[in-house]
Amino acid sequence: MTDIKRIINPWVGSEGYNCFGCSPDNPFGLHLCIYEDGDDIMSKWKPSDNYSGWVRTLHGGIQALILDEICGWVVTRKIQLAGVTSKMEIQYKRPISTKEPELTARGHIRERRRNIIIIDATLTDSAGQVCTVATCTFFAFSKEKSEKEMNFMPCKVEGEE
C-alpha cells in the first residue's frame with residue numbers, strides 16, 4: 001500500500017501566481033490539489049457542465065490541460081526544477097461525462113535524458129477506466145535558471161522538512 005502525500009504548492013500567495021490548473025485563488029481555474037503516490041504524481045477532480053465541449057461531455061482541451069498540469073508537477077516534484085512542455089501527444093480513448101463523480105489524473109517519469117523528461121499520464125473515470133492518455137516531453141531548466149528566472153522554489157510534501 002502506498003502512502004499518498006499532499007504536495008505543498010510553494011507558489012500559493014506569491015504575487016502574480018494565478019495558474020488556471022492549480023492556483024486555489026484563480027476564480028475560473030480548476031483548483032487541482034496535487035499529491036505524490038510513490039513514483040506517481042496525481043490529482044482528483046470533479047468535472048461540471050462549465051467545462052463542456054459537446055453536450056455533457058468534458059472538453060478535450062480541459063482533459064489535455066489536466067494532464068499537462070500533472071506532467072508539470074511531475075517535473076516540479078520529482079526533478080525539483082522548473083520546466084516547460086515542449087511536446088504533448090494525447091489520445092482520447094473514451095468520452096468523459098461532465099456528470100462523472102470524480103476523475104483521477106496520474107503521471108510518472110518514463111525517461112530522462114539530461115534536461116529532457118518524458119512523462120506518461122492518464123486520466124481515468126470513477127470506474128477506473130482509462131479515458132485519456134498523454135505523453136509529455138518537458139524541457140527542464142538548470143537549477144540556476146529555475147531559481148533566478150522561473151521563480152522556482154523547492155517542492156515538498158506534507159510532513160517533509
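Is Cys-71 buried or exposed? Cys-71 is buried, at 0% relative accessibility. Here buried means under 20% relative accessible area, exposed means over 50%, and partly exposed is in between (1.4 Å probe, protein chains only).

A quick word on the ground rules. This is a predicted model, where local features need pLDDT of at least 70 and side-chain atom pairs count only at pLDDT 80 or more, while totals for chains, interfaces and linings use all residues. Residues are numbered from 1 along each chain as its sequence is written, and side-chain values use heavy atoms, with hydrogens and water left out.

**The overall fold**

The chain has two helices and eight strands, taken as DSSP runs numbered from the N terminus (helices are H or I with at least four residues, strands are E with at least two). Going along the sequence, they come in the order β-β-β-α-β-β-β-β-α-β. The radius of gyration is 15 Å, close to the 15 Å from the globule rule for 161 residues, so the chain is as compact as a globular protein of that length. That radius is taken over C-alpha atoms, and the rule is 2.2 Å times the number of residues to the power 0.38. Along the principal axes, the C-alpha atoms fill a box of roughly 45 × 35 × 35 Å.

Of the 161 residues, 42% count as buried. The chain exposes about 8900 Å², with carbon and sulfur atoms supplying 51% of it; areas come from the Shrake-Rupley method with a 1.4 Å probe, and for residues only the protein chains shown count as cover. As for contacts (heavy atoms within 4.5 Å), residues 24 or more positions apart account for 66% of those with a separation of 6 or more.

**Back to the cysteines**

How many disulfides are there? The count is zero, going by cysteine sulfur atoms within 2.5 Å of each other. Cys-71 is in no disulfide, though the sulfur of Cys-136 is 3.3 Å away. For Cys-33, the closest cysteine sulfur is that of Cys-22, and at 9.6 Å this is too far for a bond.

| Residue | Relative accessible area | Class |
|---|---|---|
| Cys-71 | 0% | buried |
| Asn-26 | 6% | buried |
| Cys-33 | 40% | partly exposed |
| Lys-93 | 51% | exposed |

**Two loop residues**

Asn-26 sits in the loop between strand E1 (5–8) and strand E2 (35–37). A polar atom of the Asn-26 side chain lies 2.8 Å from the backbone nitrogen of Phe-28. Setting aside neighbours within four places in sequence, Asn-26 is in contact with Asn-18, Cys-19, Phe-20 and His-31.

Lys-93 belongs to the loop between strand E4 (83–92) and strand E5 (103–113). Not counting residues up to four places away in sequence, Lys-93 touches Val-130, Cys-131 and Val-133.

**Aromatic rings**

The structure holds four aromatic pairs. One of them is Trp-45 with Tyr-51: the ring centres are 5.3 Å apart and the planes are at 65°, so this pair is edge-to-face. Rings of Phe, Tyr and Trp (its six-membered ring) pair if their centres lie within 6.5 Å, with planes under 30 degrees apart counted as stacked, over 60 as edge-to-face and the rest as tilted. Both Trp-45 and Tyr-51 are buried. Elsewhere, Trp-11, Trp-73 and Phe-152 form one aromatic cluster.

Technical notes. A polar contact is a pair of N or O atoms within 3.5 Å; within protein, one must be able to donate a hydrogen and the other to accept it, and residues adjacent in sequence count only if both atoms are side-chain atoms.
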